[in-house]
Amino acid sequence: MKILSGIQPSGQLHIGNYFGMMQTMISRMEDSELYVFIVDLHALTSVRKRNLLAEGTLEAAADFLALGLDPDKCIFWVQSDVSEVCELTWILSTLAPMGLIERCHSYKDKVAKGLTASHGLFSYPVLMAADILLYQAEQVPVGKDQKQHLEVARDLAQKFNHEYGDTFVVPEPAIHKQTATVPGLDGQKMSKSYGNTIPIFLEGKQLKKRVMAIETDATPVEDPKDPANCNLYTIMELFAAPARMKEIHDLYVNGGAAYGYLKLELLDLLDDKFGEARRKKVEFLADPEMLRAILAKGAEKAREKAVVTLDLVRDRVGLKY
Ligand code: ADP
Ligand code: TRP
């Protein structure tokens with residue numbers, strides 16, 4: 001099985017990114033042909049500062065490696081290092097109906113949040129389709145927010161195959177029910193752009209401040225509470241052992257759940273889960289040349305695959321004369 005997914009280096013990676021995508025990717029190293037990449041070209045639609053993008057890219061690489069991604073067991077690279085993707089984006093964009101791209105809500109959401117309404121932001125889903133189709137990915141693990149973009153990739157693959165003959169694999173999204181949308185501190189989707197995140201690599205006082213800021217209602221400790229509508233409960237479920245979660249569930253339903261106490265418990269769980277990765281990340285970041293070498297090797301492996309597809313595509317559409 002060919003599995004592929006990418007992440008933008010547009011801010012500190014958070015537990016929504018971890019459960020929505022990174023964890024699944026890292027867990028599939030042994031049993032699949034895995035493609036993991038950092039989508040810096042996509043991040044250009046929102047990051048305008050040179051250093052922020054360049055440093056963010058290296059940092060995202062350190063994040064993945066610290067969390068256990070083994071670059072010898074997958075293809076791990078930076079999107080812009082394989083520029084073939086830009087050529088495929090153009091070819092696909094000549095086939096992409098305006099209506100299909102206009103329907104994408106992520107563009108409208110981002111503009112509503114203040115991002116510049118650029119052509120790049122608008123055609124973001126076409127670049128994403130090119131990312132996926134170039135490597136003939138079969139499965140794409142993502143959070144629920146990316147489902148529509150996957151549909152665009154599928155539509156474009158089918159349209160191309162119909163016009164020019166079978167060329168692309170039609171990819172399937174892989175979205176896990178429990179982690180499809182990890183809520184943020186305020187109960188909305190956790191997202192770098194909403195400022196409501198729990199970053200994976202935050203620690204100490206700063207992490208405590210975020211965890212304590214998880215919004216809860218004002219029900220007194222001894223009163224029963226509804227776990228289904230509690231943001232803190234949903235986040236705890238991602239980290240606590242099932243037996244402990246059962247106890248917490250009973251405290252909610254029967255009364256006795258103290259939010260402040262549970263937040264401190266969550267803080268310990270976060271430290272247990274990510275403590276080792278935090279230490280490893282420091283080591284990776286101390287050696288940027290090693291990071292660059294890993295990414296360069298990954299880009300070489302990715303390009304080998306990309307040129308095969310692009311060559312076929314060029315031939316199919318008539319760019320080979
Ligand atoms: P953000 O919204 O924070 O900018 P990205 O758009 O870079 O995150 O998302 C990277 C990956 O993480 C995507 O697969 C996305 O679906 C997933 N993801 C992001 N936020 C969440 C979340 N709150 N819950 C589940 N998955 C998420
Ligand atoms: N659009 C995705 C996001 O914002 C990132 C992304 C770009 C991606 N190319 C991809 C995800 C290809 C999966 C496959 O999170």
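How many nonpolar, polar and charged residues are in the lining of the second largest pocket? I counted by class and got 11 nonpolar, 7 polar and 1 charged. (Ala, Val, Leu, Ile, Met, Phe, Trp, Tyr, Cys and Pro go down as nonpolar, Asp, Glu, Lys and Arg as charged, and the others, Gly among them, as polar.)

A note on my source: this is a predicted model, where local features need pLDDT of at least 70 and side-chain atom pairs count only at pLDDT 80 or more, while totals for chains, interfaces and linings use all residues. Residues are numbered from 1 along each chain as its sequence is written, chains are lettered from A and ligands numbered from 1 in the order in which they are written, and side-chain values use heavy atoms, leaving out hydrogens and water.

**Pocket.** I worked on a 1 Å grid over the protein atoms alone: a pocket is an open set of points with protein on both sides within 12 Å along at least five of seven lines, a cavity is a set where a 1.4 Å probe fits but cannot get out, and lining residues have an atom within 4 Å of a point. The second largest pocket holds about 370 Å³. Its lining has 19 residues, with Thr-89, His-119, Gly-120, Ser-123 and Tyr-124 nearest the centre. Helices H4 (84–93), H5 (98–102), H7 (119–122) and H8 (124–134) each give two or more residues, and H4 gives the most, 4.

**Cavity.** I found 1 cavity of 30 Å³ or more, and the largest cavity has a volume of about 40 Å³. Among the residues lining the largest cavity are Cys-104, Lys-110, Tyr-124 and His-149. Helix H6 (105–112) supplies the largest share of that lining, 3 residues.

Notes: Grid points are joined across faces, edges and corners, and a volume is the space filled by probe spheres set on the points.
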